[in-house]
Amino acid sequence: MLFEQAGTVEIAEVIYNRETDSSRGFGFVTMSTVEEAEKAVDKFNNYDMGGRFLAVNKAAPRGSRPERPPRVFEPGCRVYVGNLPWSVDDSRLEQVFSEHGKVTNARVVYDRDSGRSRGFGFVTMADEKEMNDAIAALDGQVYASVHLRDIFCWYFVDCSDKE
């Protein structure tokens, strides 16, 4: 077991999805001593395990962590972008949409296990009119440097101002 390199492992538990019985991608390891736990954090945080980098940190007793500040949502309109070529990444998606207005966020969704694009993503634009202009301009178009597949914008729109 990997964590035995840092000391005695008391308990190791992988968390599974109850419905699919597949790993949820995280787990818990209990070491014998605090020193061993700190050694495990030092040794294995950002450790490359088969192409995935582990995030290892020491647990804190309940109630001892400072509360996270509430998430702040900037107003904007989010569009689902489907049928993306496998080669499109976040920056390319942002570049394509930014030609039609201010993009506040662009994200391609990747498969957690393979790391390969799932062929869709989300773009948030600051203004509903700019978003509608981008959809009108891009829907069904082949974009200049993208030759593999067309970029289609099937969309749901969330223009609510979240506070």
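Author: The model is predicted, and I begin with its largest pocket, which holds about 1100 Å³ of space. The elements that each give two or more residues to the lining of this pocket are β1 (9–16), β2 (23–31), α1 and β4 (52–53). Of these, β2 provides the largest share, with eight residues. In total the lining of the largest pocket counts 28 residues, and those that lie nearest its centre are F3, G27, F28, V29 and V56. Sorted by class, 19 of the lining residues are nonpolar, six are polar and three are charged.

E36 is a charged residue that is buried and yet has no salt bridge, since the nearest side chain of opposite charge, that of K39, is 7.7 Å away, whereas a salt bridge requires a side-chain nitrogen of Lys or Arg within 4 Å of a carboxyl oxygen of Asp or Glu. Leaving aside residues up to four places away in sequence, E36 touches A6, G7, T8 and M31.

Side chains of opposite charge can pair when their charged atoms come close. By the 4 Å rule, the count for this model comes to two salt bridges.

One of them joins E38 to K58, with the closest N and O atoms 3.2 Å apart. Because E38 lies in helix α1 while K58 lies in the loop between β4 and β5 (77–81), this pair ties together parts that are 20 residues apart in sequence. Both partners are partly exposed: E38 has a relative accessible area of 37%, and K58 has a relative accessibility of 40%.

The other salt bridge is formed by K129 and D133, whose closest N and O atoms are 2.9 Å apart. Here the two residues both belong to helix α3 (residues 128–138), where they sit four residues apart, about one turn of the helix. K129 counts as exposed, at 55% relative accessibility, because the cut-off for exposed is over 50%, while D133, at 33%, counts as partly exposed.

Methods: Residues are numbered from 1 along each chain as its sequence is written. This is a predicted model: local features need pLDDT of at least 70, side-chain atom pairs count only at pLDDT 80 or more; totals for chains, interfaces and linings use all residues. Side-chain values use heavy atoms; hydrogens and water are left out. Buried means under 20% relative accessible area, exposed over 50%, partly exposed in between (1.4 Å probe, protein chains only). Lys and Arg count as positive and Asp and Glu as negative; His and the chain ends are not counted. Contact means heavy atoms within 4.5 Å. On a 1 Å grid over the protein atoms alone, a cavity is a set of points where a 1.4 Å probe fits but cannot get out, and a pocket is an open set with protein on both sides within 12 Å along at least five of seven lines; lining residues have an atom within 4 Å of a point. Grid points are joined across faces, edges and corners, and a volume is the space filled by probe spheres set on the points. Ala, Val, Leu, Ile, Met, Phe, Trp, Tyr, Cys and Pro count as nonpolar, Asp, Glu, Lys and Arg as charged, and the others, Gly among them, as polar.
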